[in-house]
Structures are given as structure tokens and as C-alpha cells.
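Morning, everyone. Please have the sequence and the model open while I talk.

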Amino acid sequence: MSGTVARIALDLSLDRFFDYRIPEALRGRIRTGSRVNVPFGKGRFLRSGYVMEITDRSDFPDLREIDSLCANSPDLPDPLLKLAEWMALYYCCPRELAVRNLLPGAIRNGKIRHRLRPHCRLGDAAQAAEFVAHSGNRAKARTALLKVLMLEHELPQDVLLLKAEAGKGALDALVKQGLVLREDVIDERDPFKGSQVLPTAPLPPTPEQAEALRVIFDTMDGKNSGQHVVLLHGVTCSGKTEVYLQAIARALEQGGEAIVLVPEISLTPQTVERFRARFGDMVSVLHSGLSEGERHDEWMKVHSGRVRIAVGARSALFAPFTRLKLIVVDEEHEQSYKQSEAPRYNARDVAVMRGKLEGAAVILGSATPSLESHYNAITGKYAHVRMLKRSDPNIVLPEVKIVDMRCEESDDGKRPVLSRALIRAVKERLSLGEQSIIFLNRRGFAKQMICEECGFVARCPDCSAAYTYHRKLGILTCHLCGAMISAYEKCPQCGTDRIRYSGTGTEKVESMVFSVFKGARIARMDSDSMTRPSLYEEVLGHFRRGEIDILIGTQMIAKGLDFPNVTFVGVVNADMGLFLPDFRASERTFQLLTQVAGRAGRGEHRGEVLIQTGNPFNSAITAAAEHDCDTFYADELPIRKELKFPPYGHLLTLHFDGDDPRAIETCAARLMERIRPCLDPETEVTEPMPSPIERIKGKYRYQAVFRAGKLGKLKQVLREECCRRPPKGISLYLDIDPVSML
Ligand code: ADP
Ligand code: ZN
């Protein structure tokens, strides 16, 4: 590569690149994507950064020289750098931050190296044979070593010594004589070490799968009139994963590579195994449970081309492949694809962009596609395929019934937590030896502690939230900041003991289930009961083997679990998220209910689902009960259109966090005054207001919401504003396409 000037992104949050001269000695060795050390500022310290561009000229006189190439730092592929530049622009984040985001910390910090392990092999086979033949009873150890190597060809030194029952001295002697060659080989940390999977072959596709694959293959071959994205809308159990697997096989056949994104929560061994069973060692898995060393090695395997499929959560999108053919985003509607700190990107959307930049097809899969993706599909921006049958015709969708809790009353006149219908259904399952799931998306025992005498509610002093009561631990805890105090025995305000706990959580459901279903084997699964990561697998193992009758849990059990003997799912309270002050509240409720319902009846017995609600006519609930996405979309789209909310327009939130609400208000008002004249007339903006969750960890939170058809100009204006230093004690940031308005 010619050129004498390198434009470099330094690891500094300055949102610009810096030009450096490439010294003679490094010309031709430095390319875009190389990591280099350069002098910066006055000190003699070197900074490292990535070469973004190589050119011949610079607007700056007297450029300083690049000091050196970083040892041990792999180059980044060009298209990934382009992707980072796009992200910086689109998400309004500093460019070097976008570049940094491409790399796992383990690679970036350069501290983790390959582990080396000496391996031994024979120097000269004939000489070795001669030595063995003539050594007789002398040199027993050396003979043994050679004999092992004659059989095994090559072995790690420690294994060789063990097998030959010889000491290292004897081996050293052989190496000295030249009979054995010893060299250091990279020893990879293998997260799958010792695990065995049974290989699977592709299943003959059902007609729906065949049609989906036809569209996907056409898209991969560029025969879909410029479209490169396919929305695969398939009900749970319709065989989406099988479609992914066959599409990946095709990408590999064509010499390409594939990335599969799944939400972290569904990155279970069950899921991973399906990919490994089909593609074996070609698969690298990137998830948060890996050690730094494992992460480093997995990344290097991708970088060096030794694996061709990367499966993982959000960050796997940046796997440094160079012949990418396919990106699969499973459960594309998931909120967790959005990163909550800068760069605040949505991996699903960035996947679409990466596919475009690299000529790869993108499959967005879901049983409940987001309104954005659905809209892109019906307006022809994405190809659209639907799989509405379960892949095994004997397995039909579960029957879903809505239980109107307004009609339920227990003996004491209070509304019960478990309806009669739910209790009856679970009892029936117990008598049949089948399993039940009871779902409630709130952990803890009760949502709040109230004094019936004086009305005191225990609240977190630092957040705008009531404390949740956890009975087993005897504590009150804040689910926003984690603060914890021991539960009160008497009201701290009036001293009476008329304390009441309201708002049922999983812990309370568990205690009720225990008392209602005596003798049943019961387990609870939420982030409180799963005190260590391995417990999750253990409990699921028990459940899979039928050692648990009733599993109670939060959304931790809503996704991806596939247990054929589960024939009943009860939703304790479907209304929990329905009235949150967020325009996606209905959509989320619909998605969650559909997903939970999908856990029932995955085996040969038809499943039954009961949804308890106080809003039996709400369309998010009725549509989920009918397995009817279209009705839900038809109800929801006009509302979004009316309000110019996504998919009919883009959203941007400007956040102000700080200790003093007055100072925030002043700062926000000034800022808005400056921006208003620069806005397009069709941009709509709210006054900066306290966010629905007004305070977290002592910080006040304000936000202004902008809505516009296109955000380009607005972003330019806001970006400049955000680059100015806000007043002390206030932090300011932008969120483009926010997924939560809370
Ligand atoms: P989804 O990802 O849509 O929930 P899966 O791919 O997990 O669906 O498929 C559900 C079940 O159906 C799995 O057990 C899978 O092995 C089986 N399956 C998928 N495709 C086929 C097929 N073509 N023939 C037979 N069984 C299939
Ligand atoms: Zn708190």
C-alpha cells in the first residue's frame, strides 16, 4: 500500500483522527486496520491507535512519525473499520469509541497472549528406529520416549513424558542429539474441552421451510432485486433454527462465513449444541461466560480463519471475518440487542448495515417481529417469509385461554393470586405426570411494603422506586440500584406493626404454590434464586429429566426452553408491563406473552395456556391468546402512525443526568433554546422533562424526545452540542433509536 500519511484513531475520546507520517522503515508494512504506537502530546509516552486511512497528503504541516507497529495486535479488516465509521455517524458517538467497540477487551489491551505449549516429534525416523534397535537395556527412558513418538507422530511434551513414563532429562538429551524436535505450539483455551456432541444431518425441509430457504438462497445469490434482508416470521417450533442451519451450510459451501446473533439469555448450551452438532469445530461461541483468555483465543480463531461460524450475543456481530456471507439475528425483536452504554447501538440494525457493506445476506428471525421489521417487510424493504405451522404437524399450537381476574374472588374478599382455573389446570397436570410452568415477571416476594396505619411506603432514598420485599432473606431491596436494608418489623414512621406487602412477586407465588399443591416438586428460577451460573443448568437439567413438576420463574424461563413434557403454562399477571409509560408497552406485552405461551405443548400432548389479566379485552393480550400477530399489528400500527412513533419516524432522546434538578433544568432550557432555531419544521420535540424513572442512584434523570422522519440534520446539531462541555455535575448524552423510554 502506498502513501506516506496515516490517519489514526487514537484511544482518546476526542472524536477525531490524527495524521502521522509513516516512517520509511514501516512503509508497506502498515495498512488500514493496523494497530500502531504513536507519540502524542508533550510526554514521552506512546499512545496506541488504529490506522483508519492511508493517504499522501495532510492538511497539517510538520507531522510527527509513527513510532512502531504494535506487536501481538492483529489487523482489523477494512469493512469493519467502515462499519465503525458508520456507527460513529449514525449513533453520534466518538469515532475512536466505535472502533474500540469492534474489539473484545482481551484483544484490545494486548495483555493476553497465546499460551504456548512445547510439542515434540521425531527428528529422523530412520535414526530413531536405529537407536531403539541398538539401545538394548541401556537408555531405557530414551527408548521409551522414541517408541511413543514412533507410534503417535507428534505429542505435547507433558503428554509424551507421561505416556513414556520418562523424565524431562532423557527428553532433553534426545533433543540435544537431534533425534527429537521440540517446538512451541499455540495452545488454545477451548471452552468446549471434554464436551462431546452427536453430529446431526440436515432435516428434509417442510414445505414452509423449503419456501423460506428458497427466498434466503435467492437473497444470498443477489437475486432478490437488491434486497439483502429477509424477515423470517415463524411461530415457536416452526423450525426457524433448522432454516438457519441450512442457510449457514450454504454459506460455507460457497466458501463464506456466517455470524449468528442470539440474545444472551437464550445462549444456552441447548442452543449452542445445535450449531456445534451440525458444524463441529467450525463454530466459535462468544458469550459473557468466557474467561478473558478464552475470549482472546476465540477471537483469534475467527481472525485467522480457523473457524467460519461465530455464534454469540451482541458483540459477536463484530467477528473479524473477511468473507462474510450470512448474518442471522435470532429473536430480532429483543431489547437486549441494544447496548445501554456508548456506543448505544442496536446490533440488529448494525447487522443490516454490516450485511450491506460486505455483501452478506441478513436473516432477521422471530415469532413476534418488532413493528419496525414488520413494517420494513410489508413495505418491501425486506423480503418476507412466514412459517405459521409447527414443523411437526402432530404438534399444534397450544390452546390459550384468558382468565378475567376481575371475576375472581377468594373467601376473604381479596383478589387471589392464583385463579381457580389455574389451580385446576395444574392439579390435572400433576395427576397426569405432566409438567407446568408458572410465569410472573417480577422477582421478590412483594413489590412494596406499606403501613396500613399511616400509609408509609418503604422507598429507596436514592431512586424513584419502592423497595421490593424479599421474605426469605428478610430484606427490602431496590431493583434499580441494588441497595438493601433489613425489613422493618414495625413501621419506622408510626411504630405500629400493621405492615402490609402488596404486589405479588415470584417468591410469593412460590410459597402459595407450595401450600396449594402439597407434595408437588417445585422449583423457582429468577435472578435471586440462581445464585451461581451453574445452578441455571442444574435446575433445567432436573426439569428436563422430569424431577420437577412445577417451575416458577421470571422471563428467565420465557425464552428458548424446549421441554416436551410441559403441557401447561400459567401467566400470573399479564398486565404487569402493560401500562408502563413507554410507547412500546403493548408490543412488549404481546411479545412476552406469545413467547411464554410458546413453552407449552412442544411435545406430543397439546399444550394449554392460561393468561390471568384484569384487561381481558386489551389487544396485546387477546392477539397473543389467538396467536395472531396480524391483528396486533393492525391495531398498533395506526397508533404509531398517529403519534409519528417508530416505524413511522425516528426517535432520538437527549438525556441529562445530574445531582441537582434545578441545574439540569437551566442547562436543558438553554440548550433547547440554542437548538430550536436549527431544527427542521417537521421535527417534533418535547420539553426536557423528568424521565418516568426520575432518579436512579441519586442522579436525577431528564430527557427530551425528538421525533422526525429523518434524523440527519438534527444529529449534526445535537452532536455539536454534546461536544461542548455541559456545566459541572451534569452529563449529557444522545440515544438514537432508543428501545426504552423509561
Ligand atoms: P424454532 O427455532 O422455530 O422454535 P426449531 O428449529 O427449534 O424451531 O424446531 C422445533 C423442533 O422441530 C426441533 O426439535 C427440530 O428438531 C424440529 N424440526 C425442525 N425442522 C424439522 C423438519 N424439517 N423435520 C422434522 N423436524 C424438524
Ligand atoms: Zn435505589
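Ground rules. This is a predicted model, where local features need pLDDT of at least 70, side-chain atom pairs count only at pLDDT 80 or more, and totals for chains, interfaces and linings use all residues. Residues are numbered from 1 along each chain as its sequence is written, chains are lettered from A and ligands numbered from 1 in the order in which they are written, and side-chain values use heavy atoms, with hydrogens and water left out.

Helices (H or I, at least four residues) and strands (E, at least two) are DSSP runs, numbered from the N terminus.

Start with helix H19, residues 629–643. How far apart are its end C-alpha atoms? They are 21 Å apart, which agrees with the 21 Å that 15 residues should span at 1.5 Å a residue. That expected span is 1.5 Å times one less than the number of residues.

Now the N-terminal end of H19. Asp-628 caps it, with a side-chain oxygen 3.2 Å from the backbone nitrogen of Asp-630. At the other end, H19 is followed by Lys-644, whose phi is positive, near 55 degrees.

Which residues of H19 are buried? They are Cys-629, Phe-632, Tyr-633, Glu-636, Leu-637 and Arg-640. Buried means under 20% relative accessible area, exposed over 50%, partly exposed in between, with a 1.4 Å probe and protein chains only. The cover over those residues includes strand E9 (229–234), helix H13 (371–378), strand E15 (383–387), helix H17 (585–597) and helix H18 (619–625).

Move on to the loop between H19 and strand E27 (650–658). Pro-647 lies there, and the peptide bond from Pro-646 to Pro-647 is cis, with omega near 10 degrees. Tyr-648 is in that loop too. At 22% relative accessibility, Tyr-648 counts as partly exposed. Setting aside neighbours within four places in sequence, Tyr-648 is in contact with Tyr-375, Leu-637, Arg-640 and Lys-641. Contact means heavy atoms within 4.5 Å. For scale, Tyr-648 and Gln-493 are 155 residues apart in sequence and 50 Å apart in space, C-alpha to C-alpha.

Next, helix pairs. Axes are lines fitted to C-alpha atoms, for helices over the stretch in contact, and angles run from 0 to 180 degrees between N-to-C directions.

Pair one is helix H1 (residues 78–90) with helix H12 (residues 347–358). Their axes come within 10 Å and cross at roughly 135 degrees. H1 and H12 are therefore oblique to each other. Angles under 35 degrees count as roughly parallel, over 145 as roughly antiparallel, 65 to 115 as roughly perpendicular, and the rest as oblique. The H1–H12 crossing is right-handed. A crossing is left-handed if the near helix is turned anticlockwise from the far one by less than a right angle, and right-handed if clockwise.

Pair two is helix H4 (residues 125–135) with H5. They pack at about 140 degrees, axes 10 Å apart. H4 and H5 are therefore oblique. Here the crossing is left-handed. From H4, Ala-128, Ala-129, Phe-131, Val-132 and Ser-135 meet Arg-142, Thr-143, Leu-146, Lys-147 and Met-150 in H5.

Most residues other than glycine have a negative phi, and most peptide bonds are trans. His-153 is not a glycine, yet its phi is positive, about 70 degrees. His-153 sits in the loop between helix H5 (140–152) and strand E7 (154–156). Buried or exposed? His-153 is exposed, with a relative accessible area of 59%.

Glu-331 also has a positive phi, about 55 degrees. At 14% relative accessibility, Glu-331 counts as buried. Glu-331 is in the loop between E13 and H12. Pro-343 is in the loop between strand E13 (324–330) and H12. A cis peptide bond joins Ala-342 to Pro-343, omega about -10 degrees.

Last stop, Asp-19, in strand E2 (residues 18–21). At 12% relative accessibility, Asp-19 counts as buried. Its side chain makes polar contacts with the side chains of Arg-7, at 2.8 Å, and Ser-58, at 2.6 Å. A polar contact is a pair of N or O atoms within 3.5 Å; within protein, one must be able to donate a hydrogen and the other to accept it, and residues adjacent in sequence count only if both atoms are side-chain atoms.
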